[in-house]
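Please have the structure open while I talk.

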Number of protein chains: 2
Amino acid sequence: MKSIILAAAASLSVASAQGIPDEVKETADFLLRQGLEDRVGYQTTEDLTTEVGARLGGSEAEARARDWAVEHLEELGFSNVRIEEFTMPYWARDYEYAAIAEPFPQELHITALGNSVGTPEGGLTGEIVRFETLDDLIEAPMDNALRGKIVFVDEGMTRTQDGSGYGVAVRKRSGAANEGAKRGAIAALIRSVGTDEHRFPHTGGMRYEDGVRKIPTAALSFPDAEQLQRALERGPVSVTLDMAVETKQEVTSGNVIAEIPGQTDEIVVIGGHLDSWDLGTGAVDDGAGIGITTGAAKLILDHVNETNEKPLRTIRLVYWGAEEVGLLGARAYAEQHRDELSKHAVAAESDFGAREIWKMDTRFGEDKIGLGRDMIRVLAPAGVALGNNQAGGGPDVTPLRAMGVPVVTLRQNGWDYFDLHHTADDTFDKIDPDELAQNVAVYAAFTWMAANTPGGFRADDAATPSE
Amino acid sequence: MKSIILAAAASLSVASAQGIPDEVKETADFLLRQGLEDRVGYQTTEDLTTEVGARLGGSEAEARARDWAVEHLEELGFSNVRIEEFTMPYWARDYEYAAIAEPFPQELHITALGNSVGTPEGGLTGEIVRFETLDDLIEAPMDNALRGKIVFVDEGMTRTQDGSGYGVAVRKRSGAANEGAKRGAIAALIRSVGTDEHRFPHTGGMRYEDGVRKIPTAALSFPDAEQLQRALERGPVSVTLDMAVETKQEVTSGNVIAEIPGQTDEIVVIGGHLDSWDLGTGAVDDGAGIGITTGAAKLILDHVNETNEKPLRTIRLVYWGAEEVGLLGARAYAEQHRDELSKHAVAAESDFGAREIWKMDTRFGEDKIGLGRDMIRVLAPAGVALGNNQAGGGPDVTPLRAMGVPVVTLRQNGWDYFDLHHTADDTFDKIDPDELAQNVAVYAAFTWMAANTPGGFRADDAATPSE
């Protein structure tokens with residue numbers, strides 16, 4: 001352990017020697033302090049969620065969001081504002097209904113999971129078989145014991161600051177249908193993947209395994225999962241499920257891009273995703289990320305315009321499309337920009353609500369870890385500590401990370417993020433303007449440093465960008 | 001002021017002289033302590049809300065609730081368990097939909113207000129005219145300025161412990177439609193009468209004024225009212241409203257009654273209302289009141305059975321029907337029991353959720369105010385203070401109060417009651433068993449004292465009940 005610490009210390013001193021120049025840190029500090037007073041980010045989130053509202057990937061509403069975005073970004077004065085289109089399969093809910101049929105007839109609040117098939121017309125009715133966890137279902141024998149039944153995976157989710165409860169709980173979103181179908185079930189219900197106790201079912205994408213029968217699948221709200229559990233304590237329960245969905249083979253979506261041109265052909269990417277689920281107005285997911293990164297980029301743009309001091313690298317603001325339905329915009333971006341990915345110095349997406357950033361994780365070359373420490377000296381006054389060097393970077397930078405692009409996660413407090421996530425209750429009123437401004441501040445300072453640190457963040461990449 | 005205090009002190013000493021006998025207070029104290037451990041009340045609420053669920057006045061579900069109640073009350077061992085039927089007009093929502101039509105097309109979450117007419121088939125669309133408060137609308141000129149428009153009364157509600165914010169805010173529930181129609185509006189929307197910030201519209205009854213055109217009326221959830229307000233800040237907004245309702249002239253409802261027979265023909269009435277709105281499962285409104293008063297009565301019944309000590313007065317547990325839709329069960333009860341109302345010693349309804357009781361208001365004869373002080377000596381250990389002598393007694397005892405029956409309000413902490421009230425989110429999981437048990441304890445102790453205090457609670461009624 002000691003040798004690792006020494007090695008880290010050694011690399012720090014090397015990195016510091018050729019680290020972030022003082023004048024870059026000074027400007028970053030200036031942007032940080034300005035950002036704490038920012039309202040452009042908050043206003044951006046308000047405008048998007050008010051003037052467009054819900055904007056499902058591939059929908060006409062998402063197209064309106066792109067038009068709104070182009071107008072907004074041009075109005076703010078960014079360069080090279082454009083839509084980069086791609087095509088995608090389309091899924092939308094049409095209607096959904098569930099009720100206890102016997103012995104206590106009453107409606108249940110559900111929502112279809114994204115990509116689910118519908119039920120036969122008129123619905124289906126089956127006896128509920130409850131599993132406490134997805135693992136219990138996976139361990140159940142493959143003997144068709146669930147033939148004609150509706151499987152109910154009643155697993156809960158743990159509330160955590162870093163959102164780590166999600167990764168565990170979300171497995172059931174696909175798993176309930178796939179594992180249920182393998183055992184003969186006709187439909188699958190899950191307790192919503194969420195931490196609230198309100199009557200909002202949480203939607204979210206699911207994927208059918210190849211070769212497995214596709215059965216309709218939906219999430220129950222917390223109170224309805226509790227209700228179904230109580231009913232089951234009293235004896236057998238049958239439920240009626242009636243769902244219809246709409247699908248299209250190919251529709252148009254797109255990423256919206258805006259830039260602050262740099263002195264070199266290297267690029268720093270920040271952004272959020274423009275699409276949302278259909279139930280809420282996509283405020284914390286991810287109108288906030290759009291607002292935060294736009295506010296940050298706008299602060300930098302104003303600084304650049306005032307000082308005529310171009311950043312070393314181009315700062316590219318990306319509003320990814322169709323994230324919720326499978327990172328489709330992210331994949332399209334990586335594909336469309338394949339030839340310049342080696343010029344992507346670093347990427348970071350804001351997609352975890354609007355609460356304060358408390359930690360910065362990096363994924364830099366091992367010999368560049370010291371640059372993270374350097375950055376934290378600037379970000380610490382805003383309450384940001386240094387995390388590890390295993391950052392994910394955000395869902396939409398996943399394909400970039402896979403191609404070797406360094407990434408950063410500016411981790412937000414996610415304590416109550418999954419109360420609202422993917423529900424009808426994800427609306428603008430939930431966002432605190434001062435907390436969102438802290439995000440703008442941190443993103444602005446980080447992005448400025450990312451765009452102006454000589455040598456970049458990849459391992460063994462000591463050369464400054466070619467001018 | 002001093003003379004009033006002296007008078008009160010004088011009446012206290014008189015009342016004490018012929019006040020609550022020590023052995024009655026001792027039993028009340030015993031019941032109070034037992035009640036704090038009670039689970040019958042909580043279980044009753046659980047059973048009703050789980051096994052019946054929502055139970056709109058006059059509906060088939062309310063009929064199932066009556067059957068459930070009779071079985072439950074007989075199982076608990078009460079006497080004279082019966083349904084007292086009455087007939088009533090019926091109203092139910094069929095479907096409801098609202099959306100911003102222009103300029104920002106998106107769905108709004110609404111719910112029809114009880115008794116509203118539907119829209120023409122296919123819905124109606126009109127420009128929104130917003131009023132900050134109902135009074136602003138009332139003060140608007142009667143010049144048909146709202147012709148063809150949809151009026152939007154955006155008044156908020158103040159959160160209070162005693163629920164007093166409700167009385168102010170609820171006026172708009174009828175007022176928006178009536179005052180809007182007088183000025184030519186084609187529909188009326190209100191910001192929900194509630195204190196939460198979730199995407200749950202709050203329903204609730206409304207009444208059309210005689211001679212005023214009936215226009216459809218609905219409530220927006222908090223986030224949707226905020227959204228509409230933000231949209232209006234940007235310019236003119238038109239909304240589409242599409243609602244259908246079902247009405248019947250005459251259906252059957254009923255009150256369910258159970259008793260612990262007393263030694264005299266005098267009666268003490270406690271209870272809650274059995275019906276609920278259709279959106280939630282009616283847990284805090286009013287499954288809790290059913291559970292609380294049933295738990296209290298059952299504690300007394302067990303005591304009576306163990307000691308063979310009959311109360312002086314009959315304790316009558318009433319589950320009123322069709323409260324939400326206009327106190328119809330309460331009116332029927334008063335009518336059907338008109339001849340014995342003079343024998344009703346005191347009445348109290350629990351209809352304000354399941355949080356702790358913190359205050360007891362009475363409405364006793366002026367010379368009997370001292371009996372309230374006497375009772376508080378027993379109830380104080382549970383955290384109950386004495387309030388005033390202007391108790392309402394609860395919605396369903398209003399007709400009894402009007403006929404001179406003394407009433408008591410055991411006031412619950414209503415701080416968050418209007419977060420859930422009349423929404424889909426009014427579900428059993430919101431109830432804390434220990435808080436509900438405190439209610440059972442206080443009701444049991446109060447009811448025992450009410451049933452065994454010689455001389456009763458009416459003014460100038462010094463006579464003990466005839467034996």
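Let me begin with Arg234(B), which in this predicted model forms a salt bridge with Glu51(A), where the closest N and O atoms are 2.6 Å apart. Across the interface of chain B and chain A the rule finds six salt bridges, and there are also 23 residue pairs in polar contact. On the chain B side, helix H3 (40-51) and helix H8 (222-233) each supply at least two of the residues that touch chain A, and by class that side has 10 nonpolar, 11 polar and 12 charged residues.

As for extent, the two chains bury about 2,500 Å² between them, with carbon and sulfur atoms giving 47% of that area.

Now to the domains of chain A, which is divided into domain 1 (2-89 + 250-452) and domain 2 (104-236). Their centres, taken over C-alpha atoms, are 34 Å apart, and the contact takes 20 residues from each domain. The area buried between domain 1 and domain 2 of chain A is about 1,600 Å², and carbon and sulfur atoms give 59% of it.

Which three residues supply 36% of the area that domain 1 of chain A buries against domain 2? They are Trp415(A), Phe418(A) and Asp419(A), more than any other three residues. Asp419(A) also forms a salt bridge with Arg159(A), the closest N and O atoms being 3.0 Å apart, and the count between these two domains is one salt bridge.

Conventions. Residues numbered from 1 in each chain as written. Chains lettered and ligands numbered in written order. Predicted model: local features only at pLDDT ≥ 70, side-chain atom pairs only at ≥ 80, totals over all residues. Heavy atoms only, no water. Buried area = accessible area lost by both parts, 1.4 Å probe. Salt bridge = Lys/Arg side-chain N within 4 Å of Asp/Glu carboxyl O. Polar contact = N/O pair within 3.5 Å; in protein donor to acceptor, adjacent residues only side chain to side chain. Helix = DSSP H or I, 4+ residues; strand = E, 2+ residues; numbered from the N terminus. Nonpolar A, V, L, I, M, F, W, Y, C, P; charged D, E, K, R; others polar. Domains from an automatic or database assignment. Contact = heavy atoms within 4.5 Å.
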